[in-house]
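Here is a friendly walk around a ligand and its protein surroundings. Have the model open as you read.

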Amino acid sequence: MDFADMIMGRSTCYINGDWVIADSGRTMDVENPSSLEVLGQVPDCGGEETSRAIEAACAAWQNWRQRTALERCSLIMDFYGLVLDHEDELARLMTLEQGKPLGESRKEIRSGAEYLRWFAEEGRRAYGKIIPSPWREKRILVSREPVGVVGIITPWNFPAGMICRKAGPALAVGCPVVIKPASQTPFSALALAELSQQARIPKGVFNVVTGSPVKIGAELTSNPKVRKVSFTGSTRVGKKLLQQCSGTVKKISLELGGNAPFLIFEDADLELAIEGSIKSKFRNAGQTCICANRFLVQAEIYDVFLAKFSKAVSKLQPGDGLNEGSDLGPLIDEAAVSHVENQVADAVQRGGRLLIGGQRHSLGGNFYQPTVIADIRPKMLLFKEETFGPLAPVVKFETEDQAIAMANNTEYGLAGYVYTRDLGRAWRISEALEFGLVGVNDSLISTCEAPFGGIKESGFGREGSCYGLEDYTVLKYTCMAGMG
Ligand code: NAP
């Protein structure tokens with residue numbers, strides 16, 4: 001049987017090395033957002049099953065942390081190899097449950113695998129320090145230890161990538177994981193669980209529990225055996241989890257929403273800026289946390305940008321992600337489409353100029369037309385809220401100071417972009433932008449080697465890079481006395 005069909009046909013999740021059903025026997029449907037057909041079911045688990053997964057993870061912890069970093073590295077590298085070997089099946093599965101074009105799914109599988117490889121290698125470099133001691137007879141040693149059982153909660157927009165970014169470092173430093181994937185895209189997570197099993201990651205070290213977000217989330221955040229929670233998702237849910245984690249004083253990382261400004265100055269390479277704008281805004285149908293949410297364009301090039309950008313947007317082909325030639329897929333669900341519709345109606349009603357799109361797509365279902373609206377004002381909803389859809393709002397600015405003030409006028413602080421050929425301006429703007437990630441003349445900047453994460457209400461903690469590993473460790477200071 002085809003790998004993807006096996007995963008979708010199983011109706012089980014993965015706890016302590018076993019494929020299990022919910023205690024109640026209940027399941028939840030998983031739908032294809034493009035055709036709205038039901039693809040299969042996953043167990044509708046709650047607190048009890050999550051508690052058992054945490055117990056299993058805790059039992060597996062001592063053995064897992066006592067293995068050498070090289071032993072863990074070898075197992076994660078086997079896992080990495082299996083992910084690459086199954087790239088086609090994993091990509092098809094992702095497109096079926098998430099909707100993104102197959103080419104984008106492939107890229108996500110490859111980039112997710114790279115996070116596994118990066119952290120497998122980086123785990124061998126979880127160095128400590130020996131600090132010069134103020135005492136002749138004592139030594140000061142600082143080591144990095146695994147934090148313990150990690151609860152991982154992930155969203156639907158990158159169903160495999162987000163898990164690899166979190167489970168990779170956790171496993172590498174010696175932490176077992178209990179993963180709750182998004183209910184709309186659980187199959188990609190269960191496929192990773194299957195490959196972790198084939199890679200002989202020991203039972204209990206990698207668990208995936210599907211089901212009620214509230215019940216599973218409550219257990220992961222309140223159970224004292226979970227020592228860290230790593231969450232990617234909305235700011236609304238992130239704030240809730242932060243509160244819930246306070247009861248047991250857990251370490252927590254939060255990768256939350258964004259409202260990225262995309263600044264284009266009059267001296268920019270306009271062709272490059274338009275290419276970057278399209279990639280940033282329309283990848284994953286605009287459903288990425290770092291995608292451009294507001295285009296800020298300098299007055300001198302405003303009209304020519306609007307003309308060229310609209311022309312480029314008009315060439316984009318929405319369609320089923322499995323079809324050759326589809327540039328963007330559907331939105332994830334009806335609520336996502338309504339959200340975009342609401343922002344468009346608000347902007348037009350407040351004087352926004354609709355240049356292209358602005359309607360549900362004739363493909364029906366969850367498809368929405370790629371849309372450009374000019375003459376945006378800060379009071380409009382699409383300036384203030386994360387859009388998460390194929391809607392590009394454009395606003396005119398005159399001066400650098402005005403652009404910076406507008407760009408930073410948001411409670412979010414994840415990603416920002418600036419296009420200019422003036423080196424001094426590039427430095428000034430990138431330093432002035434209050435965001436965790438800044439792209440200068442580039443809009444696709446994520447990679448496992450660099451730290452990814454936000455400030456302000458976009459959260460805290462970093463993924464990728466050496467810093468992404470540290471988030472799964474705690475520092476221990478040992479004072480060695482008796483040196484004579
Ligand atoms: P979401 O509604 O916050 O859901 C994210 C995850 O949290 C899902 O697994 C969801 O489960 C779970 N969840 C929902 N309510 C919960 C609760 N009360 N307790 C515990 N878990 C709960 O976000 P989303 O709509 O799936 O994802 C889109 C958001 O993620 C956007 O805001 C986007 O910017 C953000 N995001 C951020 C980053 C980043 O790195 N900063 C990356 C990607 C996405 P169910 O699916 O079962 O509801």
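A polar contact here is a pair of N or O atoms within 3.5 Å; within protein, one must be able to donate a hydrogen and the other to accept it, and residues adjacent in sequence count only if both atoms are side-chain atoms. This is a predicted model, in which local features need pLDDT of at least 70 and side-chain atom pairs count only at pLDDT 80 or more, while totals for chains, interfaces and linings use all residues. Residues are numbered from 1 along each chain as its sequence is written, and side-chain values use heavy atoms, with hydrogens and water left out.

| Residue | Protein atom | Ligand atom | Distance |
|---|---|---|---|
| Threonine 154 | backbone N or O | oxygen | 2.7 Å |
| Serine 183 | side-chain N or O | oxygen | 2.5 Å |
| Proline 213 | backbone N or O | nitrogen | 3.4 Å |

On its own, the ligand has 910 Å² of accessible area, and the protein covers 88% of that (Shrake-Rupley method, 1.4 Å probe).

Now for the shell around the ligand.

Elsewhere, the structure holds 29 salt bridges (a side-chain nitrogen of Lys or Arg within 4 Å of a carboxyl oxygen of Asp or Glu). One of them joins aspartate 2 to arginine 92, with the closest N and O atoms 3.0 Å apart.
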